[in-house]
Amino acid sequence: MEPTTITSTRLKQITDNFKKGLESSIGIYLFKGLRIQVSKYKASGSERFARLYHKRRENGLCVICGAKVKEKNPRTKKLYRLCSDHRDKIDRKS
Ligand SMILES: [Zn+2]
């Protein structure tokens, strides 16, 4: 997973959430060339996957590769959960 470059304002928010023990502080960040990783201790693989899935879904990113999803499902008017590449590979396989 690639780190997100953050500003000092964002770092402040993250450390505030971190101090409160909030899971919203979880992530990998890059600040002035330093890498900060906040993760849950002994989280199982499936827990990590579920968190990543929800985070990507919230941000309108492909749940597999994290690419920005641009097209909406005309039926539900919501963004697809997969990018066009993965939609081709997965959803249209059947
Ligand atoms: Zn994808």
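Lys-77 is found in the loop between helices α2 (45-58) and α3 (84-91). Helices (H or I, at least four residues) and strands (E, at least two) are DSSP runs, numbered from the N terminus. The model is a predicted one: local features need pLDDT of at least 70, side-chain atom pairs count only at pLDDT 80 or more, and totals for chains, interfaces and linings use all residues. Numbering starts from 1 along each chain, as its sequence is written.

Phi of Lys-77 is near 60°, a positive value in a residue other than glycine. Lys-77 is exposed, with 7 other C-beta atoms within 10 Å. Lys-32 lies in the loop between β2 and β3. Lys-32 is exposed, with 9 other C-beta atoms within 10 Å.

The secondary structure of the protein comes to 3 helices and 3 strands. Along the sequence, the pattern reads β-α-β-β-α-α. The strands form an open sheet of 3 in the order β1-β2-β3, with mixed pairing. Strands β1 (4-5) and β3 (34-38) stand at the edges, each with a single partner strand, so one side of each is left without a neighbour in the sheet. Two strands pair if DSSP finds at least two bridges between them. β1 and β2 (residues 27-31) pair in the parallel sense over 2 bridges. Thr-5 has Leu-30 of β2 as its bridge partner.

The protein is divided into domain 1 (1-39) and domain 2 (43-94). These bounds come from an automatic or database domain assignment. The centres of domain 1 and domain 2, taken over C-alpha atoms, are separated by 23 Å.

The overall dimensions follow. The C-alpha trace spans about 45 × 30 × 25 Å along its principal axes. The radius of gyration of the protein is 16 Å, whereas a compact globule of 94 residues would have one near 12 Å. This radius is taken over C-alpha atoms, and the globule rule is 2.2 Å times the number of residues to the power 0.38. Buried residues make up 5% of the 94 residues. Of the contacts between residues at least 6 apart in sequence, 22% join residues at least 24 apart. Two residues are in contact if their C-beta atoms, placed from the backbone, lie within 7 Å.

Terms used:
Buried ≥ 20, exposed ≤ 12 C-beta atoms within 10 Å, placed from the backbone.
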